Every structure is written in structure tokens, then in C-alpha cells.
Amino acid sequence: MNPCIRAIVRRIISLGNRAFGIKRGFKGLIEGEICELTSRDVGGILHIGGTFLLSSREPRFIEKEFRKIAYKNLEKAGIEALIILGGEGSFKGADLIQRETDIPVIGIPCTIDNDIGGTDYCIGYDTALRNAVSAIDKIRDTASSHERIFIVEVMGRNRGFIAVEAGLATGAELILVPEERFPIERIPEEIIRSKKMGKLHFIIVMAEGYGKAEDLKDFLLSEIGEKYGEIRATVLGHLQRGGSPTHTDRIMAMKFGEVAVEALLSGEKRGFVAFRKDKFYIEDFHKAQEYKDIDREALRLNKVLNV
Ligand code: F6P
């Protein structure tokens, strides 16, 4: 998000306007934490993960009385247009603000879950994938040396985007995702088949939306014990969400930022910046809720390469 904020602020200023940042998202909107940002304020943040404006989950924004306070704060600060970085929840808030105040609002898709409809790209996903791949590569060293079965749980909320791509990129013996549920009772036979083929380890990359790594470990222990290798479960957790952003994420974040600013200046009133097939579009906020499928072809490929 930092490279995106930097691009937004600098593009706004270079076009002769003033830029303001809101701390902690909707929380800062309610609490009036709005401050002017200069080009220098956004210097030196390109390579830093997270957001220097800070982030929070703010349930109060659902309540009209708190939204009214937020709108007063926007008016007080003289804000004429808003750019909101976030996922589906943030876009719901963005939609409400636009409808209730008539202030133009543009969203930018930012989530490691990559689950926003209408856009192929979500800022942060590439970095999370890089992190997951690098962690699984490291786990593989122990898995091979000790001839173990590893269950690696990755994030994604109720979707399997990270699991599919990180699993394929690391050559996981099995990828478990909620969208195409591999029957749990068939996992033991997959492990036995793999061991018979002479594989040293068996790595399962499992989306958190499929289940918990510890539960699967218990199931496997009860079904096959440790006859085919010791079983370990690792939850990658928030390791996936941090670290210096990849060059792809940085560049895409800057492009998304510029498109958002230009959309506002050209009179767009509402919607989010979407990226599909090498082109940017402004889509209605509702499109973000449309179902976007995982890469089933990648899942298939992983299976056929597992011989
Ligand atoms: O939506 C991003 C995400 O990282 C999900 O993948 C994960 O389920 C969730 O957020 C974790 O949330 P928290 O940081 O609140 O524990």
C-alpha cells in the first residue's frame, strides 16, 4: 500500500491539488485524524510493507450516527474526493460514503486474498505469494531431509488463491482449497501412492478456508500414524502479509494510484480501479462482490506433474 499512497499523493500534487491522508482508515475518518501530506511525507516508503497511514478494522462505520460524524470531519477538512485502499469491506464503506455525501470516491483493490471480483490484480497478493513460496521452499529442506509429511496452512480467508499458486510454484504434493474440495478421506492413499513412487517428503499446501493444519494432522495421525513419515503442521500466518513489497506489487501499486487520481480528475464519481487483461477500468463497487474463480488449470497442472 505504501507505493500506492506515494503515487497518489505525488500525482495529486503534480496536478496542482492538495493531498490529505486519513489515519487508520474508517477509524480516522470517524475520529478526525486527517492531515495534509506533502511529496516529502511519502518519501522513503516504497520498499516498506504495510501502510504508513496505519490500518484498522472499524465496525462503527456500519452505524449511521458514526458515519455522520465522519462526513462532518470530511467537510471540516475540505475534502473534495476520496481514494480508498482496501478489500470488499472497505469498498462497501466507500460505496456508502459516495451515496450519502455525493463526494466522488474511488477504490483501489488491496488484499493478499486476491478475492475481489472484476479485477485480476489485487495489491499485496504478489508479495504474499512471494513470502509463502519462500517459506514453503525452506520447509521443504526439513521435509526432505527428515522424510516427513508437512501440512502448510496458508492465508486467503475463505478462498484458495494463495494456496493454488504457492502450491504449484513449490511443487506441493497436494493442494487443498475450499473451491474444489479434495476429500479428506482420500489424503492417506495419496500419501501412500507418493511414497511408493519414491518421494522423500509429502508437502500439503492447505488454504485456511479448507481447514486447520492441526486438525488435518490429527486426522492423518489417526488414519495412518507416522508409518510413512513424521507429520508436522505449520501455519504461515502473518509472515505472508509483511516484508518489502515485490517489484511487481510496487509498480502495479503506482499504476493503480495514478489511474485512481486521473479517474477522479476526469469526473468519475464512484467505483474501483480494476485491472484485467493488461488494461485498467473503473468498475462499479458492486462488481467487487462477484465471484472470481481460482486458477483451476493451475490445480490440474499440479496434479499431472505429481508423478
Ligand atoms: O484478508 C486478509 C487476511 O490476511 C486473511 O487472509 C486472513 O484470514 C485475515 O486477513 C487475518 O486477519 P487478522 O490479521 O485480523 O488476523
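These legends describe close-up views of a predicted model. Local features require pLDDT of at least 70 and side-chain atom pairs count only at pLDDT 80 or more, whereas totals for chains, interfaces and linings use all residues. Residues are numbered from 1 along each chain as its sequence is written, and side-chain values use heavy atoms, with hydrogens and water left out.

**View 1. The open sheet β6-β7-β5-β8 has 4 strands and parallel pairing.** Helices (H or I, at least four residues) and strands (E, at least two) are DSSP runs, numbered from the N terminus; two strands pair if DSSP finds at least two bridges between them. β6 and β8 (231-235) are the edge strands, each with a single partner, so one side of each has no neighbour in the sheet. From one strand to the next the twist averages 15°. Within the sheet, β5 (residues 149-154) and β7 (residues 202-207) are parallel and share 6 bridges. Glu153 has Met206 in β7 as its bridge partner. Helix α8 (residues 213-224) lies across β5, β6, β7 and β8, at about 170° to β8. Axes are lines fitted to C-alpha atoms, for helices over the stretch in contact, and angles run from 0 to 180 degrees between N-to-C directions; contact means heavy atoms within 4.5 Å.

**View 2. A mixed open sheet runs in the order β3-β4-β9-β10.** Its 4 strands have β3 (82-86) and β10 (279-283) at the edges, each with a single partner strand, so one side of each is left without a neighbour in the sheet. Neighbouring strands are turned by 25° against each other on average, direction ignored. β4 and β9 (residues 270-276) run parallel and are joined by 3 bridges, with Gly107 opposite Phe272 in β9. β9 and β10 run antiparallel and are joined by 5 bridges; here Phe272 has Glu283 in β10 as its bridge partner. The hairpin of β9 and β10 has 2 residues between the strands, and Lys277 takes a positive phi near 45°.

**View 3. Tyr121 and Phe256 form a tilted aromatic pair.** The structure holds 6 aromatic pairs. Rings of Phe, Tyr and Trp (its six-membered ring) pair if their centres lie within 6.5 Å; planes under 30 degrees apart count as stacked, over 60 as edge-to-face and the rest as tilted. The ring centres of Tyr121 and Phe256 are 6.3 Å apart and the planes stand at 35°, so the pair is tilted. Tyr121 lies in the loop between β4 (105-109) and α5 (125-145) and Phe256 in helix α9 (residues 247-265), so the pair ties together parts 135 residues apart in sequence.

**View 4. The second largest pocket has a volume of about 230 Å³.** On a 1 Å grid over the protein atoms alone, a pocket is an open set of points where a 1.4 Å probe fits, with protein on both sides within 12 Å along at least five of seven lines; lining residues have an atom within 4 Å of a point. Grid points are joined across faces, edges and corners, and a volume is the space filled by probe spheres set on the points. The lining comprises 14 residues, with Leu174, Ile175, Phe182, Leu299 and Lys303 nearest the centre. Elements giving two or more residues to this lining are β6 (174-176), α7 (187-196) and α10 (296-304); α10 gives the most, with 3 residues.
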